[in-house]
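Subject: Structure handover, with notes

Dear colleague,

Please find the structure below, followed by my notes on what turned up in it.

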Amino acid sequence: MRLLKTTLLAIVLSFSVASCSTEDTAAIEEANYAIDLNLAQETDWAMAEEILVLVNEHRATLGLAAIKKDQQYASAYAVDHTKYMIDLEEINHDNFHYRTEALKGQGAEKVGENVAFGYTDAQTVVTAWLNSDGHRRAIEGDFTHSGFGIIPNDRGTYYFTQLFYKR
């Protein structure tokens with residue numbers, strides 16, 4: 001019995017000594033959201049501009065404010081996610097919570113996301129998004145800014161991530 005108490009005390013002490021302080025935890029969490037802003041330059045900005053024009057034209061028909069282009073954080077995270085989808089060869093919203101928290105750390109109040117692949121131009125991808133209830137809600141949502149990750153894979157098939165956020 002005495003050995004059991006000594007062992008339990010040693011276990012409790014080792015957990016107490018090994019635990020992180022709140023400062024350590026905050027530094028770890030903050031570091032987890034770091035991103036190379038140079039990633040934003042890897043997007044196809046010509047197509048991104050066309051998509052943004054089409055999205056804003058649609059929003060104007062509904063009396064909604066135009067969305068501004070974000071060529072920094074939102075686009076870096078969008079490119080990062082697009083590269084992830086290309087690696088998997090599938091579209092998804094994996095780790096969306098990560099992108100959301102990262103953008104909230106940059107001042108975003110809320111975040112939305114559209115993804116796609118296989119479209120060859122801005123008009124067809126925006127039309128597809130507008131024909132999908134969930135994607136249309138993001139386009140028509142209460143957002144102020146958008147970042148883009150538009151990249152072809154090695155066979156020339158485009159993958160798209162459009163991040164929306166409200167600041």
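Is D142 buried, partly exposed or exposed? D142 is partly exposed, with a relative accessible area of 42%, where buried means under 20% relative accessible area, exposed over 50%, and partly exposed in between (1.4 Å probe, protein chains only).

Before the details, a word on the source. This is a predicted model, in which local features need pLDDT of at least 70 and side-chain atom pairs count only at pLDDT 80 or more, while totals for chains, interfaces and linings use all residues. Residues are numbered from 1 along each chain as its sequence is written, and side-chain values use heavy atoms, with hydrogens and water left out.

Confidence

The mean pLDDT of the chain is 84, and 81% of its residues reach 70 or more; pLDDT is the predictor's confidence in each residue, from 0 to 100. Over residues 1–31 pLDDT stays under 50, and for this stretch the model has one contact beyond four places in sequence, a contact meaning heavy atoms within 4.5 Å. Where pLDDT is low, the predicted coordinates should not be read in detail.

The sheet and its helices

Four strands form an open sheet in the order β1-β3-β4-β2, with mixed pairing. Because β1 (68–69) and β2 (110–117) stand at the edges with a single partner strand each, one side of each is left without a neighbour in the sheet. Helices (H or I, at least four residues) and strands (E, at least two) are DSSP runs, numbered from the N terminus, and two strands pair if DSSP finds at least two bridges between them.

Strand β3 (residues 145–152) pairs with strand β4 (residues 158–166) in the antiparallel sense over eight bridges, and H145 has Y165 in β4 as its bridge partner. Helix α4 (residues 73–88) packs on the sheet and touches β2, β3 and β4, its direction making about 35° with that of β3. Helix α5 (residues 96–104) also packs on the sheet, touching β2 and β4, and its direction makes about 135° with that of β2; axes are lines fitted to C-alpha atoms, for helices over the stretch in contact, and angles run from 0 to 180 degrees between N-to-C directions.

Strand β2 is likewise antiparallel to β4, over eight bridges, with Y159 in β4 as the bridge partner of F117. Six of the eight residues of β2 are buried.

A buried serine

S75 lies in helix α4 and is buried, at 0% relative accessibility. Its side chain reaches the backbone oxygen of D70 at 2.4 Å. Leaving aside residues up to four places away in sequence, S75 touches A40, W45, D70, G147 and F148.

Salt bridges

The whole structure holds eight salt bridges, each defined as a side-chain nitrogen of Lys or Arg within 4 Å of a carboxyl oxygen of Asp or Glu. One of them joins K69 to E49, with the closest N and O atoms 2.2 Å apart; since K69 lies in strand β1 and E49 in helix α3 (residues 45–61), the pair ties together parts that are 20 residues apart in sequence.

D142, with which these notes began, forms a salt bridge with K166, the closest N and O atoms being 2.7 Å apart. D142 lies in the loop between α7 and β3 and K166 in strand β4, so this pair ties together parts that are 24 residues apart in sequence. K166 is partly exposed, at 21% relative accessible area.

Finally, E89, D154 and R155 are linked in a network of salt bridges.

With best wishes

Key:
A polar contact is a pair of N or O atoms within 3.5 Å; within protein, one must be able to donate a hydrogen and the other to accept it, and residues adjacent in sequence count only if both atoms are side-chain atoms.
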